[in-house]
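Please look over the sequence and the model shown here before reading on.

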Amino acid sequence: NAINRVGVSLLQQTFCNSAEIHFHALEIAIMSTTTEIQKLEQAIQAQENLRGVLPDEQVDATINSLRLTLAQIKNTQQIGKTNLSAEKIDVKGDVAGGNVVKDNIININLSQPSRPSLLLPEALQKYLDHLIIAHQRLRLQGIRAGSQPLSIDLEKVYVSLTAIEKGGQGGILTIPDALKRHQRLVIIGDPGSGKTTLLAYLALTYARALRDGADTVQTRLQLNETQHLPILLPLRDLGRHLLAAHKDSSKDGAAVLLNYLREYYEAQTIHLPEDFFANALEQGRAVLLLDGMDEVAEKSLRRRVARLIENFAQRYGQEEIKDDKGKKQIILKNRFIVTSREVGYEGAARIGESFGLAKVRDFNHDEVRAFVRDWTRAVETTLAGNESPELLRLADEQARKLVAAIEGNTRVSELAVNPLLL
């Protein structure tokens, strides 16, 4: 017994020394991490200062990427802090009351305390608020209100796009008609044709219906999907995530994308319950808005993202039921909309046959006129801070002159059919 007590005492001292070294190493790691956090925060601020110099889309993309990295580093730092504050060391073994470690292994509880998620109603409210706030305004480069670039209400200037169906029944379709025809749809188009703006508009349309009980989905899209949850995700960020955290493509199951959805919004300080997206998907009341297949950097990575979307659609996009005669039928559920430039949507990067395909058309003359009128009204009323009849009359007169100038110049008129150039 005496020998055993001496041995236990020596082992305890060894473990304490080992733990002290371990904790000291963690302290150094945390200090290093803090420096990285400061650098990232400075980089985010530097990007914010570039608004008005660089396009907002470029600034937003860079900031979102930096914020995602920042959140991941902060999570790592929190794990380290949890280790340093550990009050208990669990020892495996049964000698001298459990003080001896079997096979010289000591187990320290390194678990990170989970961040408290919001309750479902509160989480849904905050998530929908975030979508609406993030996408309801368009920033205008070159036009400033005070020291800031002017931003206008997207829903006031949005002109519904039309598209040409590729394959299938063909023909020219409005976006509502295309959505009615295809539960799963890929929309391709030229740069600046309005694909990303379309998804932002759709996210707003569904979010307002679900949050406010508005009839936006029915009136704008003629769809009975007022209880559907919009889920908007830039595919370039998904591609970066796959490269950083899931290098083995053989494990690209639906869970990879499902888990990343929550991580993506966690990086934007939207702390959602673990089953937040899964609940909506299982119930068949989700709208996946996946933006920018062409912005996934590499061809091989685009192919991987395409297969992952197919896997996700197979897991959450269909349900097998039996009719009255016992015959099996596949019922599509949830809605999937993917956008891409045409040049980035080719070969193995194309998504399976269950997805329809439509290409955004250029504006026609009537759409150019409507866009110019709505845009001019929105800019003038935003700058003035009111919508007086006299102000609207002046805005309409400016729009008339601009349309005349566009239509009087063939080369300008050819450019104006693109919404971004217009």
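Predicted model: local features only at pLDDT ≥ 70, side-chain atom pairs only at ≥ 80, totals over all residues.

Residues are numbered from 1 along each chain as its sequence is written, and side-chain values use heavy atoms, with hydrogens and water left out.

Q: How is helix α9 oriented relative to helix α11: roughly parallel or roughly perpendicular?
A: Helices here are DSSP runs of H or I with at least four residues, numbered from the N terminus. The axes of α9 (residues 254-266) and α11 (residues 299-316), which are lines fitted to C-alpha atoms over the stretch in contact, come within 8 Å and cross at roughly 90 degrees. Because angles of 65 to 115 degrees count as roughly perpendicular, α9 is to α11 roughly perpendicular.

Q: Which residues of α11 make the contact with α9?
A: Contact means heavy atoms within 4.5 Å. From α9 come A254, V256, L257, L258 and L261, and from α11 come L308, N311, F312, R315 and Y316.

Q: Which helices are tied together by the pair of Y127 and Y265?
A: The rings of Y127 and Y265 lie 5.1 Å apart centre to centre with 75 degrees between the planes, an edge-to-face aromatic pair (centres within 6.5 Å, planes over 60 degrees apart). Since the pair ties together parts that are 138 residues apart in sequence, the helices concerned are α3 (residues 120-135) for Y127 and, for Y265, α9.

How values were computed. Axes fitted to C-alpha atoms, helices over the stretch in contact; angles between N-to-C directions. Helix = DSSP H or I, 4+ residues; strand = E, 2+ residues; numbered from the N terminus. Parallel < 35°, antiparallel > 145°, perpendicular 65-115°, else oblique. Phe/Tyr/Trp six-rings, centres within 6.5 Å; stacked < 30°, edge-to-face > 60°.
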